[in-house]
Amino acid sequence: KRRISAPALALVEASHRKLFSGELDFAEVEIPIRQDDGAVRWVLNRESVVERAPDGKPLRIIGTYHDITDRKRLDEVTAAHTAQLESMARVAGVGGFEVDFATMTLTLNAQASDVLGVATIGPQDLYKALARTFSPDIEAALKEAIEAVLFGKDELGRAVRWIRVIGRPILEGEEVIGVTGALLDVTEKVEQAAALTAAVAAADAANAAKSDFLANMSHEIRTPMNGVLGMLDLLNRTQMDPEQADLVRTARSAADMLLALLNDLLDAAKLESGAIELEALPVDLAQLMRDTLRLFSSGAEDKGLALSLEVDPDLPARLVTDPTRVRQVVSNLVSNAIKFTPSGGVSARLHWRGDSGVEIEVEDTGIGIDADGQERLFRRFAQADASTTRRVGGTGLGLSICQGLVERMGGSITVHS
């Protein structure tokens with residue numbers, strides 16, 4: 001009694017009573033025995049009645065003691081690991097299952113039972129029992145999932161309602177005798193994905209509505225704006241004193257700036273909505289560049305800037321592109337270069353890259369752009385310097401539009417400073 005705990009001793013005594021009463025002929029009990037040094041060793045006590053008296057009382061009992069300490073310790077470690085895995089599975093919301101094809105029995109661990117809301121399912125109508133757990137229309141999907149393993153797939157994954165099923169075949173030689181796998185409750189994840197999809201769709205719809213509104217308003221305002229410009233041209237041809245002529249020139253300059261802004265807004269809206277249409281025409285690109293630079297020659301001369309063009313001798317005589325959009329991009333780049341170059345010059349270059357196409361480069365000796373400015377240079381309504389708008393004007397749309405146009409034409413635009 002000193003070496004055996006009271007609960008263990010009670011088990012031994014109960015075993016003996018059953019042997020002596022004739023209720024049992026064989027009994028075994030696992031007993032923890034405390035040694036003199038305080039350590040506990042586990043013993044498996046097995047006893048068997050080999051001879052009884054006519055009245056049933058045992059005359060001879062033989063027994064054995066086996067030291068099972070190592071096995072018990074291994075069992076304890078295994079139980080601890082199992083408990084840890086079960087705890088981790090509960091935290092992760094993952095349940096384990098196994099299907100025995102011989103009996104068509106589904107065995108679930110505790111977490112899987114919680115996920116499905118059922119206990120172990122027996123051999124009767126396994127598919128239907130599972131189908132009822134979800135909905136009447138899922139039985140075929142369950143059969144397909146199991147049969148996918150039977151036909152030799154290494155792994156399967158099926159979304160059943162909001163439960164994800166992942167399984168692997170259990171093999172005995174080359175024969176598939178069952179399926180083992182995991183059940184993951186993905187209800188929250190699916191609901192979050194659905195909510196995100198709805199939010200993105202709503203944002204896209206709002207963005208499209210905004211772009212449509214911007215495009216429509218820009219178009220509607222541009223029509224009367226062209227009328228204003230026409231009237232200013234007509235007024236400029238009449239007899240006016242110097243002060244009146246100066247006022248007309250100022251009004252015409254302001255109207256031109258407003259029209260340019262409307263054009264930028266319209267192009268930005270079209271690019272955002274994907275409504276930009278490109279032409280594909282054979283173009284003498286070198287001549288197009290010369291004509292475009294000629295438009296800026298007066299502005300460059302007024303600032304004392306040199307304006308030059310270099311053409312790769314290997315450039316083909318004609319290339320297929322959209323001349324209007326190429327001219328728009330080059331005009332924006334050259335205009336910016338002249339605007340931000342106080343002295344020196346602006347150079348445009350055409351490089352032929354063979355199968356990669358043509359590279360148009362515009363270089364200036366201007367003030368440069370720091371790393372932060374380069375990072376936001378092609379964003380809409382952004383400029384390299386917040387004071388730029390106050391000093392030289394502009395909306396910050398030009399380079400964003402250039403990037404959109406170049407990318408629509410299958411190219412890319414970069415900056416180095």
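Author: Begin with a definition: a residue is buried under 20% relative accessible area, exposed over 50%, and partly exposed in between. Keep in mind that this model is predicted.

Reader: Is Asp-233 buried, exposed or partly exposed?

Author: Asp-233 has 33% relative accessibility, so Asp-233 counts as partly exposed.

Reader: Which residue does Asp-233 pair with in a salt bridge?

Author: The general idea is that side chains of opposite charge can pair when their charged atoms come close. Here the partner of Asp-233 is Arg-252, with 2.4 Å between the closest N and O atoms. The pair joins distant parts of the chain: Arg-252 belongs to helix α7 (residues 242-273) and Asp-233 to helix α6 (residues 187-236), 19 residues apart. Arg-252 is partly exposed because its relative accessibility is 27%.

Reader: How many salt bridges does a search of the whole structure find?

Author: The search finds 16 salt bridges. One of them joins Arg-52 to Asp-25, at 3.0 Å from N to O. This pair also links distant parts of the chain, 27 residues apart: Arg-52 sits in strand β2 (residues 40-52), and Asp-25 in the loop between α1 (6-21) and β1 (26-34). Arg-52, at 24% relative accessibility, counts as partly exposed, and so does Asp-25, at 46%.

Reader: What separates Arg-249 and Asp-246 in helix α7?

Author: About one helical turn separates them, because they are 3 residues apart in that helix. Arg-249 and Asp-246 form a salt bridge, their closest N and O atoms being 3.7 Å apart. Asp-246 has 39% relative accessibility and therefore counts as partly exposed.

Reader: Which residues are linked in a network of salt bridges?

Author: The network links Glu-30, Arg-71, Lys-72 and Asp-75.

Reader: What does Val-334 touch, not counting residues up to four places away in sequence?

Author: With those neighbours set aside, Val-334 touches Leu-293, Phe-296, Leu-307 and Val-362.

Methods
Residues are numbered from 1 along each chain as its sequence is written. This is a predicted model: local features need pLDDT of at least 70, side-chain atom pairs count only at pLDDT 80 or more; totals for chains, interfaces and linings use all residues. Side-chain values use heavy atoms; hydrogens and water are left out. A salt bridge is a side-chain nitrogen of Lys or Arg within 4 Å of a carboxyl oxygen of Asp or Glu. Helices (H or I, at least four residues) and strands (E, at least two) are DSSP runs, numbered from the N terminus. Buried means under 20% relative accessible area, exposed over 50%, partly exposed in between (1.4 Å probe, protein chains only). Contact means heavy atoms within 4.5 Å.
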